[in-house]
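Please read the points below alongside the sequence and the model.

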Amino acid sequence: MKKISSIEEFISFRKSILNEPADNTPTLVISAGTCGQASGANDIMRAAKRYILEHHLHEKVSIRVTGCLGFCQIEPFILAEPENYIYPNLKTEDVPRVIKAIVKKEIIKELMYRENDDDKTYCTLEEIPFYKYQTRTILKRNQKIDPIRVFNYFKAGGYSAFEKVISNPDQEWIISEIKKAELRGRGGAGFPTGLKWENARNSNNGSGKKFVVCNADEGDPGAYMDRNVLEGNPQLIIEGMIIAGIAIGATKGFVYVRSEYPLAIKHSMIAIRQARDIGILGENILSTGIDFDIEIVRGAGAFVCGEETALIKSIEGKMGQPEQRPPYPVDKGIWGHPTCINNVETLANVPVIINEGADEYIKVGMPGARGTKIFSLVGKIKNTGLVEVPLGTTIHEVVNKIGGGPSGKSKIKAIQTGGPSGGCIPEELFDLPINYESLNKVGSIMGSGGMIVMDESTCMVDIAKYFTNFLQEESCGKCSVCREGTQRMNEILTNISEGRGTMEDLTLLEELGPVIKDASMCGLGQTAPNPVLATIKYFREEYIDHIIKKKCKATVCKEIVSSPCQYTCPINTDVSVYVALIARKKYAEALEVIKETNPFASVLSRICHHPCENKCKAGEGGDPIAIRDLKRFATDYGIENNLYSTTEPVKKTNGIKVAVIGSGPSGLTCSFYLSKMGYEVTVFEKESVIGGMLTLGIPEYRLPRKILKVDLDYIKSAGMEIKTDFALGEDYTIDGLLDQGYKSVFLATGSHQSLKLGIPGEEVEGVIPGMQALAALNLGKKIELGKRVGIIGGGNTAVDAARRVLRAETSESVTMIDAARSALRTTKPENVTIFYRRTIEEIPAYKEEVDGAGDEGIKIEYLTAPVRIITNKGKLKACEFIRMKLGEIDESGRRRPVPIKGSEFTVELDTLIVSISESPDISFLKNEGLEFSKWDTIIIDPETCLTKRPGIFAGGDMVTGPNTVVDAVAAGKIASESIDQYLTGKEVKREYKLTRPSKYIEPVEFSNKELDELISAKRSEMPLLSSEKRKYNLMEVNQGLTEEQAIKEAKRCLRCELETIDGKKFLKNLEEVEERG
Amino acid sequence: MKIKIDGISFDAPEYFTILDAARFLGLNIPTLCYHEGLSPGGNCRLCVVEIGKGDRTKLVTSCTYPVEEGLVVRTSSERVIKARKMTLELLIAQSPTSKVLQDLASKMGLKQVRFKPKWESCINCGLCVRMCEEQMKAKAIGFVNRGNKLEITTPFDMESEDCRKCGACMYICPVVTLRCHGAHPESVLCSGCYNSLQPTCTSNEDNYNCWMGLKNECGTCYNGESNENINENIK
């Protein structure tokens, strides 16, 4: 087109575009920024074009290809204007349907946006919560603009600020507007833009030239808002730069952009050419005598070049190293000329301010931080993408309302703002309004706007290590403190994450950090310690866990974890070793390894809640290894072949007497190990049978009694004395035991008392406590349940709160399902219904039990809670329930069920089993000098199992409340070690070691074909007893893997333990041996 | 320019840096990468001082910071000493054999080095680079890479045509010139420093006089091999 050469011509040109009649043809907007293209927007675009051409629809519908619209999670999508209907995550094959619908002005509901657990469909962009809660001043514009078409920009009102400024190029006015708008640098430091411009305008070092630079060297991991704006709306930046140029009197502008942003470079190059063609850029713009042109400079990818002085060096063609300030760039910048450097987003806000006027602009945001800020919300969050909110919005709003909360089931624990220069902000501080100062105060920075959400599967030490590693590579290295400091921080953090850290290291980090901040030359060094200092400040516990306990809560740090299965196992079972041995068909050896750490091997191989499988690496993107089933295969092999059925008792005891009270898993484990150490152990049991909850609480179809007997016999063979029908408080006291010469006592009496619902009518006949019902059913006692049986499980809020504290979430609702299935099997009721107040999602570990219950015909009513018991002549007649819905996320990270008003309904029942939870019965322990919590659990030092009374130890459910068997066994093991320390006069203290397998097993060699099969192989399915055969008897449901299945399953193991330094050494040795021999 | 430095009011000329002012007044600020004949670099960070009043103070390198009207400077506040000591600890751990660094440590009373020694022979202070560029006008060496991979070398690690082998880089280097190995028990004298002042490599190269005394360790001598051979080795 012809170059415009006067202001009047420009005004009429702009007017003519704006006055064009509105085009009401439906338009498909395809967001094709770099993110959109990566997720397939180009395919969508091609498919759409082809369909439109083939069906001659080009007059009925048009296409606009735009930059990213912010919601990267739902790309590729088609947005249908004018109604803004949105079709997210679109597949190419659905494109024709969508276009057809758009032409017919219809909508296709099933293709539209839905939140994960919601049935509601959101048809238009504005309705979607992600967009609804944003204030999209800058990002909103992308929708109307094809970045390579300048007319789109004019049509959307572009260059009106330019028109204002060029008609009245009053520098003072422009700067005063910017100052009045309180615009601050969006690059992170928040320097007042107006002030910078003023300084640049007033700066006169006689060199004659001045420069404006747009800083688009966006290098933070996880941040991409500058790319988005430059890609989606380059003319906006050009307009901002021209205004800046006029304001300070510069004649030339540079856009310094990373070469990693090819699309941004392409779009801005096209935009600059178009602007030149029109006459907006160049010499003597619109005959006003103002010269301004823009050049693009590509950065070569050094993070430090985002720093002003390094950026200047880079533009000059020198090595990108910062210079000590002063002199500041506004005084002495590129080639010595005054240079004003602004971030992309800052410049994007300039036309907005000039257009609307500063008075309008300051209505958004908060004092000292006006306007909006774009954040890139990434990490463990449901909705990732670019979020634009007014400054002063709380983190909570951004993360939970716009971001939609955590992406997985784990709870969000922190966010990292400002990338490697920022720090993490823990979840407790999410009510913090986001602005420059508030973030600084909590040890982070605004930075360019990256927000990385971290949940409980993120290790904070690892995060700090990641960022310091990034920084030690990206520090320019010029100044010693930053170069050496970042390297040393990384070195120390590596040591800590590999389990070699000391508490002195932590002190050193805390000493080193502030010095790096203080003494570094540029912003990179001055903020480099933030990730480290912030994680230490808010997650010190995690550091101490790594250093002292050699624990990484998130199971991330490889050298600490070794293999996640062994690491997660409460009793440190050598999982990787026995799985490898099974793969090599060495079943007896495998069993030996299992028995080494686990006296209840056969029991746990059936009923363990297998936390190992939840953390199994094979489970990330595939099926976890069936670890428990493999263990069962080995133990069954042992039973068949009569291997390791007994253990050798010590030849001669040391004569020290120890009393163990309670013969459950915890008590017997402790007795077993103490006996093996040579103590004279006596076990006291109140009931006539031993085994505790294993015998009373777990139904036979899950744990056949003959299997239980195998383990009990094995434990007994260690040589302890067992006294049954001997109740504490009735037959003896702890003091009495001590008088009799017992030197130490281990209390493990369990948690057997069912909790009450706390609703009216609970005391009537027909309402049975869950434990009572289960114990009766398990011991084969006759119990009349009637035809219609209801079971209430899950508990109430108060109980839940207690459980969380007691770390017993996994066992929730186990008794409920056990009770239901046992009832069905033994008493032949007509129907059995479970009423549970949460959803199936909330029953974490026992999915197979829930499925099993369903198969057997047990009905489960989710989201249902009891309100009152309806009685007839003092007997249960019915129960009134109320429906629940999931509300806000509570402290346990799950969504709290809230009652739906008016949804009450009544169910007639003959029996109602209440198994919401159990608590320990401590009536017989009142006068023994022990301390109890408000949930009646006994208070101990969890490190050692020691109670408040010297020599008296406690463990198992009576400490934790109802918990899993394996945790009880673990407590028994810890107690046995503590008791030994106590009795040998040592300091009672838990010793922590790095998790390592007892030995390394050579991996099985695979052919390529076999390997391919294994990669895609599914988990070996446990053969089950058919549900017909299950009814009305107690036969075991799980039948055990076949040998072939077991070997195949074991071969699937990824052998994580070989990934550690030790493991690699083993492999290297193997290779060397092979080479030699 | 009226400034106040460690409580002393002083009217400094405009072209003074804080370091100039301090030295003029006889106040001791340790320096490492500073040299009167070269432009200040601000690389080593040992000359940091605290400027400003009240809560709004910050650390700056005195060698680069120009005096300004009303500037308040403290050259040895606790914050300054802490930063200097930590910086020196980092540098010594990088290159424990540097006599210059060891001397500074004794002077500043550094008692411990908690980082694992790296035994490197360069602390990247940049003195040699500035020397080569500003005084010798050769620009034969420069910084290469960044961060933990930063090093000072010739372009592409090849023998530079611009290098006149003047040895100025070695002369000014705080790490290599005076490598102290400690006194020998028999002779009591260490004799290392003395030897380094002797032209010991003359047998290798006739065209220039080498003062380095490191006997082929310095990298400027090639054991008499001709340049062609060296180039071949590089290929």
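1. Helices (H or I, at least four residues) and strands (E, at least two) are DSSP runs, numbered from the N terminus. In chain A, the loop between β22 (742-747) and β23 (753-754) holds A:A748. The model is predicted: local features need pLDDT of at least 70 and side-chain atom pairs count only at pLDDT 80 or more, while totals for chains, interfaces and linings use all residues. Residues are numbered from 1 along each chain as its sequence is written, with chains lettered from A and ligands numbered from 1 in the order in which they are written.

2. A:A748 is buried because 31 other C-beta atoms lie within 10 Å; the term requires 20 or more other C-beta atoms within 10 Å of a residue's own, C-beta atoms being placed from the backbone. Contact denotes C-beta atoms, placed from the backbone, within 7 Å. Beyond its neighbours within four places in sequence, A:A748 is in contact with residues including A:V660, A:C670, A:A954 and A:G972.

3. Chain B has 7 helices and 7 strands. Its elements follow the order β-β-α-β-β-β-α-α-α-β-β-α-α-α from the N terminus. Of its 235 residues, 32% count as buried.

4. Between the two chains, 26 residues of chain B are in contact with 27 residues of chain A. On the side of chain B that touches chain A, β4 (58-61) and α2 (78-94) of chain B each supply at least two residues. The largest share of that side, 8 residues, belongs to α2(B).

Definitions and conventions:
A residue is buried if 20 or more other C-beta atoms lie within 10 Å of its own, exposed if 12 or fewer, and partly exposed in between; C-beta atoms are placed from the backbone.
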